[in-house]
Amino acid sequence: MTLRVLGVDPGLTRCGIGVVDVETNRRATMVAFGVVGTSPEESLDQRLLVIATSIDEWLDKYEPHVLAVERVFSQLNVSTVMGVAQASGVVIAAAARRGIPVALHTPSEVKAAVTGSGTSNKDAVTKLVTKILRLDAPPRPADAADALALAITHAWRAGSGTSNKGAVTTGPGSQSLTPAQRAWADAEAKARRAR
């Protein structure tokens, strides 16, 4: 079974959106990506309305099985955190209205899943997303690449719709996994053995 995940990198000025289909062998394919932009000159209610309308359109058009959203984390700039939290709330509510499950992932979780290191920079994430999805060019802007990375992360952590116990890291079919996918599957297996 293929798992379709819609990833969202929330923000008021730029809200990245990406849709990925992931097979049970963790092979990920990009379906669509984009960015919803709003102007700081617009009122907050109008900015949130633009995001809400856009996310409704994406959810209706692509019918994801699950929504993956970047978890809001504390920064020094409180106004930025508030804007991200407000955009996240609009997105989460849109999914809830449709009965679509929502998963939250921290930036370091996403970086670790896609690159193998939770401290990677945005360029490294974009480069690996491009490779994992077998794209001819990097998804731009970075907000779109981050949304795709969120979708990939969730699908890999969820086991692509199957139990993580069935993840294949060696043997037949393992050649289709990227190095990052193999590293992630190996880390999951090691964590299970340590329990």
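This is a predicted model: local features need pLDDT of at least 70, side-chain atom pairs count only at pLDDT 80 or more; totals for chains, interfaces and linings use all residues.
## Basis

Residues are numbered from 1 along each chain as its sequence is written, and side-chain values use heavy atoms, without hydrogens and water. Local features need pLDDT of at least 70, side-chain atom pairs count only at pLDDT 80 or more, and totals for chains, interfaces and linings use all residues.

## Helices α1 and α2

Helix α1 (residues 44–62) packs with helix α2 (residues 78–97) at an angle of about 35°, their axes 9 Å apart. Axes are lines fitted to C-alpha atoms over the stretch in contact, and angles run from 0 to 180 degrees between N-to-C directions. Helices are DSSP runs of H or I with at least four residues, strands are E runs of at least two, and both are numbered from the N terminus. The crossing of α1 and α2 is right-handed (near helix turned clockwise from the far one by less than a right angle).

On α1 the contact (heavy atoms within 4.5 Å) involves Leu44, Leu48, Ile51, Ala52, Ile55, Asp56 and Leu59. On α2 the residues include Val90, Val91 and Arg97.

## Strand β4

Strand β4 (residues 66–70) is largely enclosed by the rest of the structure, because 5 of its 5 residues are buried (under 20% relative accessible area, 1.4 Å probe, protein chains only). Val66, Ala68 and Glu70 lie on one side, Leu67 and Val69 on the other.

β4 runs parallel to strand β1 (residues 3–9), joined by 4 bridges; strands pair if DSSP finds at least two bridges between them. Glycine 7 has alanine 68 of β4 as its bridge partner. Another 4 bridges join β4 to β5 (residues 102–105), also parallel, and leucine 67 stands opposite valine 102 in β5.

Notes
Buried means under 20% relative accessible area, exposed over 50%, partly exposed in between (1.4 Å probe, protein chains only).
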